[in-house]
Amino acid sequence: MTETLTQNTELTSKVRSSLEACGVDIDALSGAHEALSPLTGEILMNLPVNTETEIDTMIAQAAEAFKTWRDVPAPVRGNLVKRWGELLTQHKGDLAVIVTAEAGKITSEALGEVQEMIDICDFAVGQSRQLYGKTMPSERPGHRLMETWHPLGVVGIISAFNFPVAVYAWNTALALVCGDTVVWKPSGMTMLSAIAADALLARAAQEVGAPKNLHKLALTDRVGGQLIVDDPRIALVSATGSVRMGQEVAPRVAQRFGRALLELGGNNAAIVTPSADLDLALRGIVFAAVGTAGQRCTSMRRLIVHESIVDDLTQKLVSAYGTLRIGTPLDEENLIGPLINKSSFEGMQNALTAAKEQGGTVLCGGARVKADEQPGAYYVEPAIVRMPSQTPVVKDETFAPLLYVMSYTDFDDAVALQNDVPQGLSSAVFTNNHAEAEQFLSAAGSDCGIANVNIGTSGAEIGGAFGGEKETGGGRESGADSWKVYMRQATNTVNYSGELPLAQGVKFL
């Protein structure tokens, strides 16, 4: 017991030191909200919760700051994001410590998340000089027809616990170079990570002489989030979370004719064909299924394997799972950290019960471990369940390391099985058959926003747009031309002919 208390004290001390290194005034933080660590269940710090009046003021300040920021040249706006990226690089380890303590990620994954922030800053700085519009031929002589892109307004960001800072950066870096301001509501489970990330952006803004109130951090609950969703001064609501959350957010934003960017649930599958490199597939499947303790929206939930190799691959997976070290991410030899809380553990247990009732066989995992050492934390063995078919429980997303294995005979049937769920985020096929790979990537193949060949379902790079279809929400963040989400488009016609011909040959006066 003494050892556990010592470890807890060390964890809190590390978090406080990292916050201070990021520029957070620790003495100014106090309140009723308990910031808990899933590593131990301990209270890391008590934090304030913003009132409705304070959130209203934040939105008003961001709306006012937008009037100045939108007129700053985009490359100059990029200087702010460039400096933020430099500070994130400098404090990568500090921010990763906080992410580990709050989200339960192993050190390499926490560092990887901060690296995503750095990468999107680099991307956005380049984008600040590439907010291109098109010039189109006009049917009228002496006329120029073109499109221009303009800043949208205030962007409201609602993020989830599993990526407490990266998704915020995806939105914020692009929003800022596009000329928008932001109001951010982080998950109540990862407020310390948000405070640290916001402090580094505040320092960057001060150092480059950016206007005040470009970014506001709202430490609030669901009610406060609804204020952001409903406020007409918020031009775009970018919300990451569950399908249920998206079903509430989308109609509320639509009712006031606002814009919504939704990144919701995923129930991601991989197909493994007879020609696949099974060693490569094994590595890709294990990381995608158990990384971040299965708490990624891109985590692999379903595995669809050809009947000729399903027994062999399943046996290899069970053996690989048996070698995975589970425990505190403070020990860098551990590969699987805790679930975020008791509710997540109970959700996994309920899914396992339902799977067995629907004909499934649990091949390994599912049990809670280390409860004696850390009674307030929920470490769990990743589970593999062999299913006779894609039953109702398989079509539901369980946010835990739970992998359902099914077999197929015909490749067309495998693709149909992969698509036969309400969600449409990420997908993969492991094959060395070129025709199968091309079919999977075709319009008749995977219906997901992300479709991979010979790589798992998780681990997206910021250079490509991130998002999905169906109940995943249809949003796109990060790379490609996602910057357009944060801007408004205008079509311009310039008449330099001295005449006034009308389009389509209309005659009037």
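**A parallel sheet, its helices and its salt bridges**

Good morning. I begin with two strands: β5, which covers residues 154-158, and β8, which covers residues 234-240, pair in the parallel sense over 5 bridges. At this pairing, Ile158 stands opposite Ala239 of β8. Please keep in mind that the model is a predicted one.

These two strands belong to an open sheet of 5 strands. What is the order of the strands in this sheet? The order is β7-β6-β5-β8-β9, and the pairing is parallel. At the edges are β7, residues 215-217, and β9, residues 259-263, each of which pairs on one side only. On average, and with direction ignored, neighbouring strands of the sheet are turned by 15° against each other. In general, it is through backbone hydrogen bonds that the strands of a sheet pair, in either a parallel or an antiparallel manner.

I turn next to β6. Strand β6 pairs with β5 in the parallel sense, again over 5 bridges, and Val154 stands opposite Thr181 in β6. Is β6 largely enclosed by the rest of the structure or largely open? It is largely enclosed, because 5 of its 5 residues are buried. From this strand, Thr181, Val183 and Lys185 point one way, while Val182 and Trp184 point the other way, and all are buried.

Helix α2, residues 52-69, lies across β5, β6, β7 and β8, and runs at about 155° to β6. Helix α6, residues 166-177, lies across β5, β6, β8 and β9, and its direction is at about 175° to β5.

Let me now move to charged side chains. When the charged atoms of side chains of opposite charge come close, the side chains can pair. How many salt bridges does the structure hold? There are 20 salt bridges, and I shall present some of them.

One of them joins Glu113 and Lys105, with the closest N and O atoms 2.6 Å apart. Glu113 and Lys105 are both buried.

A further salt bridge is formed by the side chains of Arg386 and Asp311, at 3.3 Å from N to O.

Lys395 is partly exposed, with a relative accessible area of 26%, and Asp420 counts as partly exposed at 39%.

I close with the surface. Which residues form a nonpolar patch there? The patch consists of Leu500, Leu502, Val506, Phe508 and Leu509, which together have about 650 Å² of accessible area. Leu502 is found in the segment after β23, the strand of residues 487-495. Since its relative accessibility is 35%, Leu502 counts as partly exposed. Thank you for your attention.

How values were computed:
Residues numbered from 1 in each chain as written. Predicted model: local features only at pLDDT ≥ 70, side-chain atom pairs only at ≥ 80, totals over all residues. Heavy atoms only, no water. Pairing = 2+ DSSP bridges. Helix = DSSP H or I, 4+ residues; strand = E, 2+ residues; numbered from the N terminus. Axes fitted to C-alpha atoms, helices over the stretch in contact; angles between N-to-C directions. Contact = heavy atoms within 4.5 Å. Patch = residues over 30% accessible without salt bridge, like charges linked within 9 Å, V, L, I, M, F, W, Y side chains within 5 Å. Areas by Shrake-Rupley, 256 points an atom, 1.4 Å probe, with all protein chains shown as cover. Salt bridge = Lys/Arg side-chain N within 4 Å of Asp/Glu carboxyl O. Buried < 20%, exposed > 50% of the residue type's maximum accessible area, 1.4 Å probe, protein only.
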